[in-house]
Amino acid sequence: MTRGTRTPPPGHAGRVGLWAAVAVMAVAGAGNLGTDLGPWYQALRQPPWKPPDLWFGPAWTLIFGFIAWSGARGWLRADAQMRRRLAWAFGLNGVLNVAWSWIFFRLRRPDWALVEVLPFWLSIVLLVWLLSRIDRVAALLMLPYLCWVAFAAALNAAVVRLNAPG
């Protein structure tokens, strides 16, 4: 598909943007329900380079905004076949995003979350690749997400190492 050749009908862009925002808020909400910063989490040994917990909310809010913007841009420029691919890839990514929070915080298994973060990160790579085929800006908007999850994976690995028995 040629980049940027599709022109959406009037009003369509606003509806797509709204649906993208709703989808992102659903993923954020489900992940938030799985996040518990209670006594178990507070007792974990953390690396000295971990940002304060208060920074995570604003970082995720910005990242989710970029994801919605990226998804809407990509959707508006995609043909029907690419839209199916994008819907599948964004859906997979949303499930993996939420799963990580539930595995780490609710199951209290940072070790399992460390295994899960690889397919989670790869699902973002897939999104960047798909989006790059139709809209460079949409692909670039996903890069903060890719970097943040890479950072989260490193933090997850440090937590596993620092809290390993023995």
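Helices (H or I, at least four residues) and strands (E, at least two) are DSSP runs, numbered from the N terminus. On that basis the chain holds seven helices and zero strands, in the order α-α-α-α-α-α-α along the sequence. This is a predicted model, in which local features need pLDDT of at least 70 and side-chain atom pairs count only at pLDDT 80 or more, while totals for chains, interfaces and linings use all residues. Residues are numbered from 1 along each chain as its sequence is written, and side-chain values use heavy atoms, with hydrogens and water left out.

The C-alpha atoms fill a box of roughly 60 × 25 × 25 Å along the principal axes. Of the contacts (heavy atoms within 4.5 Å) with a separation of 6 or more, 80% join residues 24 or more positions apart.

The structure holds 13 aromatic pairs; rings of Phe, Tyr and Trp (its six-membered ring) pair if their centres lie within 6.5 Å, and planes under 30 degrees apart count as stacked, over 60 as edge-to-face and the rest as tilted. Two of the edge-to-face pairs are tabulated here.

| Pair | Centre to centre | Angle between planes |
|---|---|---|
| Trp 60 and Trp 148 | 6.5 Å | 85° |
| Trp 100 and Phe 105 | 6.0 Å | 80° |

Trp 60 in helix α3 (residues 53–77) and Trp 148 in helix α7 (residues 143–162) are 88 residues apart, and their pair links distant parts of the chain. Both belong to one aromatic cluster, whose members include Trp 49, Phe 56 and Tyr 145. Trp 148 has 17% relative accessibility and therefore counts as buried (under 20% relative accessible area, 1.4 Å probe, protein chains only); Trp 100 and Phe 105 are both buried too.

How values were computed:
Buried means under 20% relative accessible area, exposed over 50%, partly exposed in between (1.4 Å probe, protein chains only).
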